[in-house]
Amino acid sequence: MAQRRLTDFFASRRPGLRAAPPRAKPAWRTPSPAKPAPRGPAPGPGPGSSRKRARPPAEPTRDEPAPPARRRLRLPAAEGPCPQVTGPSFPAAPGSPEHSSPGKKTKNSLSTQLTCLEAREDKVPSKVTLSELKSCLQRAQELGARVQELRASAQRKDAGEPGALEDKGYLAGPCGEKVPAYQRFHALAQPGPPGLVLPYKYQVLAEMFRSMDTIVGMLHNRSETVTFAKVKRGVQDMMRKRFEEHNVGQIKTVYPGSYRFRQERRLPTFKDGVRRSDYQLTIEPLLDPQSGSPAPQLTASCLLQRRQVFSQNLVARVREHHRAFLASLNPPMEVPEDQLTRWHPRFNVDEVPDIEPAELPQPPTVEKVATAQEVLARARSLMSPKMEKALSDLALRTAQPSSPGSPSLALPATPPTTAPAALKGVSQALLERIRAKEAQKQLAQMTRCPEQEQRLQQLERLPMLARVLRNVFVSERKPALTMEVACARMVGSYSMAMSHGEMEKHVQLLSELLPDWLSLHRIRTDTYVKLDKTADLAGVTARLARLARAEADL
């Protein structure tokens, strides 16, 4: 008995359905852009078709408009005939190639869309192109005007006129641009305890001197002539910063006994732009003659010593500006130089003026005849008296009046110091006492050694540490704790990160200042901390704050 198929089973169960006759494969036809593919009505369910529901009509009715997702892409009638592109919800005619297979339908629809887009691009109105050209032309004119403005500002800057940034009142650097914040507040961002910090530009100059001394030492030890061109190239490679002659002049101003500068020629050069007859700036280090050596060498110890001297000279320059600032205060202050450990709190280190560059030797200038007066002075002995008189008259007639010199800019007078409106009516004697006390406090702050500064910081932390220590004893419920346990609990409870050794120093300082409230007992190898929990904590913190203020005022 032959095995039946599953389809035969469904056919026996559904007597109304029978196998549809095979369809003939329609011939391929290329859709013409001038004539759209004919659309026939969708075949309805018949006796030989499937049981799928009929699709809605392709065209929407007048009463009920079609949803936006099923609208056709209609092209304007002015663009000429073009086949309409329908979405996936509108089937093509049964006899068309699009109805044969989904893949072929997609290819034919894409080719139809490309044909439509090409036809639209060929018929783009000229107004769009003209508008684009006008916008591009306007943009080019704006860029040209901007370039002209930049050139004019550059010329004004070269001529010495104030630029736009200076007119607006911005802080300008040496190149006319605003000084960045890392240079203006360089002294405030230095790590470690405050001290005699140098300005940013002075530190850059010190680094330039170190690099220059290294290059000069290498060339000098090889008995090679040191020229500015060689030093400039080496310093710029080391620092990645510009190194010019005015920087060398600043170094000469700070450390006059470091080098000897001369203008020499007939030096061997290996550059096309420099001739042997040209003058070049040569640099020679000034060294102390060493015993037993004909030519002193620039050793590592000499480099270190010269670097220290340069740094000390920079600090001495800043001290002079700081001394002038202290003298301008009300009341004026005077601090001994050997006791000064930090700058005044209101002294802005980074606003110290630049170092004026010293004059370097310049190549000798060759005299050139430029005016009639010079020609007359040179050829006076070679011409007759009549010709000399004619030339002198011509020189007098053609001489232009000298341009009046620019009047010197008068410095604005310093306004007299007047009391602000908020202090109107306050006794002048009281103001003088307050200013004297503030000056004394600032003087003590400037002459304070690092050990005293560290002790003051510890005294400022003691009130909060006393509260933390009492809370530790209350939570532990013990009359005494070992030093290790107490410090470990305090380190975990304090808001600032501290090491175990630092916390132990604070506890010992607490026991020194308040022996009646906190006591330390040494038993065998351990140290025990005992606290009086019945004492008033507010009174204890007030005593500690009073001691810190008294220590700070000394």
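The model is predicted, so local features need pLDDT of at least 70 and side-chain atom pairs count only at pLDDT 80 or more, whereas totals for chains, interfaces and linings use all residues. Residues are numbered from 1 along each chain as its sequence is written, and side-chain values use heavy atoms, with hydrogens and water left out.

Of its 554 residues, 23% count as buried. Here buried means under 20% relative accessible area, exposed means over 50%, and partly exposed lies in between, with a 1.4 Å probe and protein chains only. Among contacts between residues at least 6 apart in sequence, 62% join residues at least 24 apart, a contact being heavy atoms within 4.5 Å.

Strands of a sheet pair through backbone hydrogen bonds, either parallel or antiparallel. In this model, an open sheet of three strands has the order β3-β5-β4, with antiparallel pairing; two strands are taken to pair if DSSP finds at least two bridges between them. Strands β3 (480-482) and β4 stand at the edges, each with a single partner strand, so one side of each is left without a neighbour in the sheet. On average, neighbouring strands of this sheet are turned by 30° against each other, direction ignored. Such angles are taken between axes, which are lines fitted to C-alpha atoms (for helices over the stretch in contact), and run from 0 to 180 degrees between N-to-C directions.

Within the sheet, strand β4 (residues 518-523) and strand β5 (residues 526-531) pair in the antiparallel sense over six bridges. Leu-518 has Leu-531 in β5 as its bridge partner, and Arg-522 stands opposite Thr-527 in β5. The two strands β4 and β5 form a hairpin with two residues between them, and Arg-524 in the turn has a positive phi of about 55°.

Helices accompany this sheet. Helix α14 (residues 483-493) lies across β3, β4 and β5 and runs at about 90° to β3. Helix α15 (residues 500-513) also packs on the sheet, touching β4 and β5, and its direction makes about 115° with that of β4.

Side chains of opposite charge can pair when their charged atoms come close. The structure holds 20 salt bridges, each defined as a side-chain nitrogen of Lys or Arg within 4 Å of a carboxyl oxygen of Asp or Glu. One of them joins Glu-149 and Arg-146, at 3.5 Å from N to O. Both residues lie in helix α3 (residues 126-159), three residues apart, about one turn of the helix. Glu-149 counts as partly exposed because its relative accessibility is 47%, and Arg-146 is likewise partly exposed at 48%.

A further salt bridge links the side chains of Glu-284 and Arg-260, at 3.2 Å from N to O. This pair links distant parts of the chain, with Glu-284 in strand β2 and Arg-260 in strand β1 (residues 259-264), 24 residues apart. Glu-284 is partly exposed at 28% relative accessible area, as is Arg-260 at 37%. Salt bridges that share partners join Arg-260, Arg-262, Glu-264 and Glu-284 into one network.

Strand β2 (residues 280-285) also holds Thr-282, which counts as buried because its relative accessibility is 5%. Apart from neighbours within four places in sequence, the contacts of Thr-282 include Arg-260, Arg-262 and Glu-264, along with Thr-225, Val-226 and Leu-267.

Finally, Leu-423, Val-426, Leu-430 and Ile-434 make a nonpolar surface patch of about 280 Å². Patches are made of residues with over 30% relative accessible area and no salt bridge; like charges are joined within 9 Å, and nonpolar side chains (Val, Leu, Ile, Met, Phe, Trp, Tyr) within 5 Å. Leu-430 belongs to helix α12 (residues 428-446) and is partly exposed, with a relative accessible area of 35%.

Key:
Helix = DSSP H or I, 4+ residues; strand = E, 2+ residues; numbered from the N terminus. Areas by Shrake-Rupley, 256 points an atom, 1.4 Å probe, with all protein chains shown as cover.
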